[in-house]
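Here's a quick tour for anyone meeting this protein model for the first time. Take a look at the sequence and the fold, then read on.

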Amino acid sequence: MAEHTSSSITIEAAPADVMAVIADFARYPDWTGEVKQAEVLSTDASGRAEQVRLVMDAGAIKDDQVLGYTWTGGNEVSWTLVKSQMLRQLDGSYVLKPVGAGSTEVTYLLTVDVKIPMLGMIKRKAEKVIIDRALAGLKKRVESGQ
């Protein structure tokens with residue numbers, strides 16, 4: 001069973017404002033370092049993305065992938081790999097929890113498995129870098145109000 005990596009950050013905004021940024025895939029290249037292109041391929045009855053194509057460049061991992069998204073209420077979204085050139089597995093989630101007045105704790109969980117051989121320790125370090133950059137970018141994006 002693959003190991004996962006997780007990290008959390010507190011963002012000075014309501015959960016709905018944070019989730020609005022997470023759900024706006026077209027703007028991912030603006031605030032995530034790794035996503036160079038994002039295209040929503042299908043949406044659910046609520047208009048939320050079900051499948052998204054992402055062109056990624058995360059240093060050692062460059063990929064064109066399709067992810068399937070599942071939305072649980074207004075405070076959780078998870079995804080799983082549908083198609084990829086480089087990856088065997090990419091499962092992740094954002095879980096939002098209101099804290100204090102107008103703040104949100106965001107927990108990002110990620111499991112990555114590449115098709116090429118890679119030491120577990122190197123893979124987890126790459127996961128940690130991806131998570132930390134994503135959370136920092138999300139925080140900056142939400143708090144800037146752009």
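Which residue in β3 is the bridge partner of Q37? That partner is V55. Keep in mind while you look around that this is a predicted model.

## A hairpin to start with

The Q37–V55 bridge is a handy way into the pairing of two strands. Strand β2 covers residues 35-43, and together with β3 makes an antiparallel pair with seven bridges.

The two strands form a hairpin, with five residues sitting between them. In the turn you'll find G47, which has a positive phi of about 85°.

## Rings and more rings

Next up, the aromatic side chains. Counting ring pairs whose centres lie within 6.5 Å gives nine aromatic pairs. Take Y69 and W71: their ring centres are 6.3 Å apart and their planes meet at 25°, so this pair counts as stacked, the cut-off for that being under 30 degrees.

Both partners are tucked away too. Y69 has a relative accessibility of 10%, so Y69 counts as buried, and W71, at 12%, is buried as well. These two belong to one aromatic cluster, whose members also include F25, Y28, W31, W79, Y94 and Y108.

## The nonpolar core

Nonpolar side chains tend to be buried together in soluble globular proteins. Here, the largest nonpolar core has 35 residues. Those touching the most other members are V18, I22, Y69, W79, Y94, Y108 and L138. The largest share comes from α3, which brings six residues.

Leaving out residues up to four places away in sequence, L138 touches I11, V18, V21, I22, W31, Y94 and V106.

## A serine in β7

One last stop: S103, which lies in strand β7. Is S103 buried or exposed? With a relative accessible area of 9%, S103 is buried, since the cut-off is under 20%.

What does the side chain of S103 make a polar contact with? It's the side chain of E12, at 2.7 Å.

How values were computed
Residues are numbered from 1 along each chain as its sequence is written. This is a predicted model: local features need pLDDT of at least 70, side-chain atom pairs count only at pLDDT 80 or more; totals for chains, interfaces and linings use all residues. Side-chain values use heavy atoms; hydrogens and water are left out. Rings of Phe, Tyr and Trp (its six-membered ring) pair if their centres lie within 6.5 Å; planes under 30 degrees apart count as stacked, over 60 as edge-to-face and the rest as tilted. Buried means under 20% relative accessible area, exposed over 50%, partly exposed in between (1.4 Å probe, protein chains only). A nonpolar core is a set of buried Ala, Val, Leu, Ile, Met, Phe, Trp, Tyr and Cys residues joined through side-chain atoms within 4.5 Å. Helices (H or I, at least four residues) and strands (E, at least two) are DSSP runs, numbered from the N terminus. Contact means heavy atoms within 4.5 Å. A polar contact is a pair of N or O atoms within 3.5 Å; within protein, one must be able to donate a hydrogen and the other to accept it, and residues adjacent in sequence count only if both atoms are side-chain atoms. Two strands pair if DSSP finds at least two bridges between them.
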